[in-house]
Amino acid sequence: MERQPKSTNESPERIDTTELQDGADVYFNLGNPNLKSIEAARQAVADATGNLKLKEVIPQPQEYSRGYGRSLMDLRAKELGGAVDRTPQNIRSWNDFEVTR
Amino acid sequence: MAKLFKKVVNLLVGDPSQVKLTMPQNQRPARKVTERELLRLESEIGSKLFGEIPAGHRREFFCLDETTWIWHEEWTDPQTKKPRSETTRYEVHDNGVLKVLEGARYAYIQGAELDNFVLATRLYYEQVARRVYNVDPYTGQKLVAAS
């Protein structure tokens, strides 16, 4: 099974521990306003996952922005009714972007 | 061409200043929105994340794609009365956020500027998810439209 990082955006009761195995990545989202501290998040995850030995991932600041960007692309794609075609010819250059008002 | 496009958009979606940013499912137009319209709605929110826009300025801030964010500002120079504009592209790389200015000027942002950028992208995501896409930004669940 592909390892999926479990974000601490999810409250512990929402974390599906059946998918987790030893060595799984736990993504600590320091940008989550509900996250009080790393220690609190660590404890919450431990409470939810028991004795699993998880690998903590504390992302660099730019990873948050990339994550938000990715989530926005997903929202946009859903709104447009399908996956966004990201083949090079369909990726607009920023110079091509025209803001009209 | 831009003016024609503007007129067409205005005819289709109305006056942009009157467009509601929340789009409850039952109030959506029958036709699908375009990516450009979504970007415009997103940018309406993005432009207001940094406080009040100075009089006579027009600001855009939006997520162009997964790794590219655009800041664009236009204003009239008070001395020369000529239109001015500045566009900044932020590229999210594995090793940092590269700020690219016109004229081939670029640098990785650091410190408070990096913190502010990350905060801006977070606020943008949270507000756009709620107000444009009508979903909870952290659960992905559809928000129930307020009556």
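A two-residue hairpin links β1(B) to β2(B). This is a predicted model, in which local features need pLDDT of at least 70 and side-chain atom pairs count only at pLDDT 80 or more, while totals for chains, interfaces and linings use all residues. Residues are numbered from 1 along each chain as its sequence is written, chains are lettered from A and ligands numbered from 1 in the order written, and side-chain values use heavy atoms, without hydrogens and water. Helices (H or I, at least four residues) and strands (E, at least two) are DSSP runs numbered from the N terminus.

**The β1–β2 pair of chain B**
- β1(B) and β2(B) run antiparallel, with seven bridges between them; strands count as paired if DSSP finds at least two bridges.
- Across that pair, Arg59(B) sits opposite Glu73(B) of β2(B).
- β1(B) is mostly covered, with eight of its eight residues buried. Buried means under 20% relative accessible area, exposed over 50%, and partly exposed in between (1.4 Å probe, protein chains only).

**Helix α3 of chain B**
- α3(B) takes in residues 111-131, which is 21 residues.
- From first C-alpha to last it reaches 30 Å, close to the 30 Å expected at 1.5 Å a residue; the expected span is 1.5 Å times one less than the number of residues.
- Its buried residues include Leu114(B), Phe117(B), Thr121(B), Arg122(B), Tyr124(B) and Glu126(B).
- The cover over the buried residues of α3(B) includes α2 (61-79) of chain A, plus α2 (35-46) and β1 (58-65) of chain B, among others.

**The nonpolar core**
- The largest nonpolar core holds 34 residues, and Leu72(A), Trp69(B), Phe117(B) and Tyr124(B) have the most contacts inside it. Such a core is a set of buried Ala, Val, Leu, Ile, Met, Phe, Trp, Tyr and Cys residues joined through side-chain atoms within 4.5 Å.
- At least two residues of this core come from each of α2 of chain A and α2, β1, β2, β3 and α3 of chain B.
- α3(B) is the top contributor to this core, with eight residues.
- Leu72(A) touches Cys63(B), Trp69(B), Tyr124(B), Tyr125(B) and Val128(B), leaving out residues up to four places away in sequence; contact means heavy atoms within 4.5 Å.

**Chain A overall**
- Chain A has two helices and three strands, in the order β-β-α-β-α along the sequence.
- Of its 101 residues, 35% count as buried.
- Among contacts in chain A between residues at least 6 apart in sequence, 54% join residues at least 24 apart.
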